[in-house]
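This briefing is intended to be read alongside the sequence and the coordinates. Please keep both in view.

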Amino acid sequence: MRARDTSRLLHEVIHISGEFDMAHALAFVAVVALSGLSFLMYVALRALLEIFVAKVRLGTRGARTRGRCVGYTSSRYGNGVVVAFADPSGVTNHMVARAWKGVLPERGSEVEIVYLPQDPKVADVWPVRALIPNAVYMTVAVPVFLAAGMECVVAVAWIVRAV
């Protein structure tokens, strides 16, 4: 496609009835922006729900075992503990308990953990304390994200209808 053809195509898209229509152009921008925001709300809500469901699954279907503290991590969110544990088949797995609360265990000391037997990479320190704060957070976040996403969809429908 040549530049001249592209220019003519843009001219036809922007101009309606031979005149530039600012209302339609602004409505198009608003519809694109609100649709994008609605999609972002959906992605954020889905990610939060997946994290919460994974924690619930770990707490309800996980197998408990004891592991050994083999090291430490540090980040801006706090200290973490690296724990090595063996599943029933004897395979050694490592997990990182991020944002450790309280006194860090000594290197070599035992730490009780829970992991999914079908996927030992999914593990956390027992008890899975994050369930209650996550449940409270989800009780607030889900309606807020749903309302924001639906408001964007309603606004898009209103703009399309009005223009």
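Which residues form a nonpolar patch on the surface? The patch consists of Leu37, Phe39, Leu40, Tyr42 and Val43, with about 490 Å² of accessible area together. This is a predicted model, in which local features need pLDDT of at least 70 and side-chain atom pairs count only at pLDDT 80 or more, while totals for chains, interfaces and linings use all residues. Residues are numbered from 1 along each chain as its sequence is written, and side-chain values use heavy atoms, with hydrogens and water left out.

**Overall architecture**

- The chain contains 3 helices and 7 strands, where helices (H or I, at least four residues) and strands (E, at least two) are DSSP runs numbered from the N terminus.
- Read from the N terminus, the order of the elements is α-β-β-α-β-β-β-β-β-α.
- Of the 163 residues, 24% count as buried, a class defined by under 20% relative accessible area, with exposed set at over 50% and partly exposed in between (1.4 Å probe, protein chains only).

**Helix H2**

- Helix H2 covers residues 22-61, and its 40 residues should span 58 Å at 1.5 Å a residue, which agrees with the 58 Å between its end C-alpha atoms; the expected span is 1.5 Å times one less than the number of residues.
- The buried residues of H2 are Ala27, Val31, Ser38, Met41, Leu45, Leu48 and Leu58.
- Valine 31 is buried because its relative accessible area is 19%. In space, valine 31 and isoleucine 159 are 7.2 Å apart, C-alpha to C-alpha, although 128 residues separate them in sequence.
- Valine 43 also belongs to H2 and counts as partly exposed because its relative accessibility is 38%.
- Accessible areas come from the Shrake-Rupley method with a 1.4 Å probe, and for residues only the protein chains shown count as cover.

**Strands S4 and S5**

- Aspartate 87 lies in the loop between strand S4 (78-86) and strand S5 (92-97).
- Aspartate 87 is buried yet has no salt bridge, and lysine 121, the nearest side chain of opposite charge, is 10 Å away. A salt bridge requires a side-chain nitrogen of Lys or Arg within 4 Å of a carboxyl oxygen of Asp or Glu.
- Asparagine 93, in strand S5, counts as buried because its relative accessibility is 13%. Its side chain reaches the backbone oxygen of valine 91 at 3.3 Å.

Note on methods
Patch = residues over 30% accessible without salt bridge, like charges linked within 9 Å, V, L, I, M, F, W, Y side chains within 5 Å. Lys, Arg positive; Asp, Glu negative; His and termini not counted. Polar contact = N/O pair within 3.5 Å; in protein donor to acceptor, adjacent residues only side chain to side chain.
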